[in-house]
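Here is a short briefing to read alongside the structure. Keep the view open and follow the topics one by one.

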Amino acid sequence: MKDTPLSNCERDFLLKAIEEKKRLDGRQTYDYRKIKISFGTDYGCCFVDLGQTRVMAQVSCELVAPKENRPNEGIMFFNIELSPMASPGFEQGRQSELSVKLNRQLERCLRNSKCIDTESLCVVSGEKVWQIRVDVHTLNNDGNLMDAASIAAITALCHFRRPDVSTQGQEVTVYSPEERDPIPLSIYHMPISVSFAFFQQGTYLLVDPCEREERVMDGLLVIAMNKHREICSIQSSGGIMLLKEQVMRCSKIAGVKVSEITELINEALLNDRKARKAGGKCGFAESMPQERITALKKDETPVEMTDVTETANGIIQKGEAAPQTYPELNYKLGYKACKKWDTVLWHSFKWPAGGDVVEISDSEEEEVVILNPEVPEKPK
Amino acid sequence: MFSTVRERVGEVLLPGDEFSFEAEEKISLTAPVKSEKVVCGPGLRRCGDRLVVFKSGVLRHKEPNVFWIDSQQRRYVPAKGESIIGIVTAKSGDVFKVDFGGSEQASLSYLTFEGATKRNRPNVQVGDLVFAQFLIANKDMEPELVCIDSSGRANGMGVFGAGGLLFRVSLGLVRRLLAPHSDIRSDLEQLFPCELVVGMNGRIWVKSATVQQTLIIANLLQSAETMTAQQRQQLFRKVQQGAF
């Protein structure tokens with residue numbers, strides 16, 4: 001499917017706003033959007049939200065034969081998938097120019113910078129080494145996929161644990177996670193890429209362009225750096241002429257941003273480790289905030305009120321024991337277990353036999369009193 | 001059945017809910033009985049002798065007998081007579097191809113502008129915004145747009161857009177803005193003067209005195225979608241006091 005075309009008036013307006021140093025969402029020139037990092041239940045699964053841009057990285061490993069010219073080193077394999085879920089312009093299966101560019105940039109940023117100790121991935125020299133595969137899936141494209149992908153990839157690599165192995169001569173035993181704890185990869189440093197968009201032939205620059213800004217930009221400068229201020233890769237595309245002062249300024253800004261982002265990543269990893277150690281629930285479903293639509297919520301329950309006193313008296317006379325209380329019924333509402341009953345529409349039930357009416361109150365009390373114990377209620 | 005449907009006006013209904021004629025409805029032999037006609041709007045469909053809901057939303061009613069489901073979606077499906085904001089993507093011969101956010105592009109003939117003749121062509125470039133209405137819009141044919149109404153006058157339609165900002169919202173917000181006595185519009189009027197073009201395909205174009213004010217209005221409208229009336233008025237008041 002084709003992407004929505006950009007109209008002339010949008011382009012003019014965006015350029016005019018950039019000249020006045022205003023961005024569409026009210027950020028400053030050097031501001032990043034809000035970054036949110038969450039992890040899945042498996043080790044090595046990481047979701048990164050950069051504003052509305054959303055990517056997921058998954059790391060997996062496999063024992064393979066090493067490359068001929070490097071018998072002592074493990075293999076790293078990177079792959080970025082642009083799924084049609086992210087944008088109507090992405091097509092499934094087709095290698096578009098953007099996908100080639102992103103893949104190449106991610107490889108350069110992570111592989112050539114030697115951030116992972118590949119020699120520690122060797123099991124039997126010349127025969128068996130670990131192949132670490134990083135798959136990054138784009139879930140929503142609102143601009144700056146490169147930065148989000150690099151953050152997701154390096155975080156997933158830091159989060160990943162590979163199975164423990166032991167060798168006895170030529171025999172290799174791979175232990176499952178139940179037998180021996182899996183061990184993390186040895187990572188020297190965390191390279192993170194920062195994107196700068198240039199407008200009006202290099203006069204104006206913006207950090208972390210959103211999708212609209214990406215469409216009207218003239219050129220893009222991507223600097224991958226780690227927190228020790230070592231530049232891992234620089235790439236300039238779009239064919240604009242940049243002065244060396246501009247490039248120096250960008251690298252200084254990148255240094256500041258990278259140290260902030262690295263701190264954020266370390267905090268997220270620490271929180272996840274604490275949560276797993278404490279045995280709490282972790283994973284994608286837990287990290288999503290419970291979102292409710294309350295604008296259309298019904299507050300009142302329609303209750304059948306005709307001849308309530310007679311039926312109530314009849315029920316009380318019939319029932320001999322005190323009404324049973326069912327504390328804290330746990331049941332699943334959709335995909336999440338919750339203790340309180342809310343956002344539920346209850347209608348009054350009318351049982352044809354006997355004409356007894358069971359009232360269920362919609363209040364938030366945790367104890368439930370069921371007046372008619374012979375007819376058990378099955379709340380759906 | 002009319003009464004059963006009327007009872008549930010204002011309720012949230014889900015696809016699969018139905019209204020049927022109950023056999024026990026008594027028809028009086030003495031009083032004159034008028035045949036009831038229920039006009040189904042979007043979201044309701046007739047299946048045999050039942051009225052079935054096929055979209056989830058709130059049931060609404062307009063006198064004397066029109067019922068429809070107010071549902072929320074972002075994907076626009078073209079309907080005849082609706083005015084939309086489109087982006088011109090191509091000029092081929094006598095016809096412009098216009099993208100309006102649907103599954104295919106609509107065609108707009110150059111003769112359907114006010115005062116256009118074979119010699120006097122309208123000044124439309126690729127990438128311009130047009131405000132047009134649908135002449136033909138069904139699932140079997142390519143949609144067609146026109147920029148004049150039935151009497152041959154432009155009536156606000158045509159090319160526009162220099163200097164403003166175009167953004168997307170959901171279809172529900174657009175309908176709320178276009179309703180006769182809209183709350184959101186009256187709140188917006190009290191902020192600062194602006195020019196607003198609202199297309200029923202979920203696109204809104206706004207232009208105000210300065211770039212900053214235009215950006216503020218665009219952001220306010222996008223966030224007003226999920227707010228209650230009270231939250232929205234609070235937000236608007238805060239912006240007014242901030243006095244950008």
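B:K97 counts as partly exposed, at 25% relative accessibility. Please bear in mind that this is a predicted model.

- B:K97 forms a salt bridge with B:E142, and the closest N and O atoms are 2.9 Å apart. This pair links distant parts of the chain, 45 residues apart: B:K97 sits in strand β9 of chain B, while B:E142 sits in the loop between β11 and β12 (144–146). B:E142 is partly exposed too, with a relative accessible area of 33%.
- A second pair is B:R121 and B:D94, a salt bridge in which the closest N and O atoms are 3.8 Å apart. Because B:R121 lies in the loop between β10 (106–109) and β11 (129–136) and B:D94 in the loop between β8 (83–92) and β9 (95–99) of chain B, the pair ties together parts that are 27 residues apart in sequence. B:R121 is partly exposed, with a relative accessible area of 47%, and B:D94 is partly exposed at 43%.
- Over all chains, the structure holds 23 salt bridges.

**The annotated domain in chain B**

- An unreviewed UniProt entry lists "domain: K Homology" for residues 164–212 of chain B. This span is 35% helix and 31% strand, and its end C-alpha atoms lie 11 Å apart.
- Helix α2 (residues 171–178) of chain B has B:L171, B:G172, B:L173, B:V174 and B:L177 as buried residues. The cover over the buried residues of α2(B) includes α3 (183–189), β15 (194–198), β16 (203–208) and α4 (211–223) of chain B.

**Chain A**

- Chain A contains seven helices and 20 strands, and 41% of its 380 residues count as buried.
- Of the contacts in chain A between residues at least 6 apart in sequence, 71% join residues at least 24 apart.
- For chain A, an unreviewed UniProt entry places "domain: Exoribonuclease phosphorolytic" at residues 32–163 and 189–254. Residues 32–163 are 22% helix and 37% strand, with end C-alpha atoms 36 Å apart. Residues 189–254 are 26% helix and 39% strand, with end C-alpha atoms 16 Å apart.
- A:T118 is in the loop between α2 (97–110) and β5 (122–124) of chain A. A:T118 counts as buried because its relative accessibility is 18%, under the 20% cut-off. Leaving aside residues up to four places away in sequence, A:T118 touches A:N72, A:E73, A:G74 and A:M76.
- A:E211 and A:R215 meet through their side chains in a salt bridge (3.4 Å, N to O). Both lie in helix α4 (residues 211–216) of chain A, four residues apart, about one turn of the helix. A:E211 is buried at 17% relative accessible area, whereas A:R215 is partly exposed at 26%.
- A network of salt bridges links A:D25, A:R27, A:R33, A:D142 and A:D208.

**Where chains A and B meet**

- About 1600 Å² is buried between chain A and chain B, 68% of it on carbon and sulfur atoms. On the chain A side, A:P5, A:C9 and A:F13 lose the most area to chain B, together 32% of what that side buries.
- Chain A gives 16 residues to the contact and chain B gives 22. The chain A residues that touch chain B divide into seven nonpolar, three polar and six charged.
- How many salt bridges are there between chain A and chain B? The count is zero, while four residue pairs are in polar contact across the interface (both at pLDDT 80 or more).

Technical notes: Residues are numbered from 1 along each chain as its sequence is written. Chains are lettered from A and ligands numbered from 1 in the order in which they are written. This is a predicted model: local features need pLDDT of at least 70, side-chain atom pairs count only at pLDDT 80 or more; totals for chains, interfaces and linings use all residues. Side-chain values use heavy atoms; hydrogens and water are left out. Contact means heavy atoms within 4.5 Å. Buried area is the accessible area (1.4 Å probe) that two parts lose on being put together, summed over both. A salt bridge is a side-chain nitrogen of Lys or Arg within 4 Å of a carboxyl oxygen of Asp or Glu. A polar contact is a pair of N or O atoms within 3.5 Å; within protein, one must be able to donate a hydrogen and the other to accept it, and residues adjacent in sequence count only if both atoms are side-chain atoms. Ala, Val, Leu, Ile, Met, Phe, Trp, Tyr, Cys and Pro count as nonpolar, Asp, Glu, Lys and Arg as charged, and the others, Gly among them, as polar. UniProt positions are given in the numbering used here, feature names are shortened, and annotations may be inferred rather than shown by experiment. Helices (H or I, at least four residues) and strands (E, at least two) are DSSP runs, numbered from the N terminus. Buried means under 20% relative accessible area, exposed over 50%, partly exposed in between (1.4 Å probe, protein chains only).
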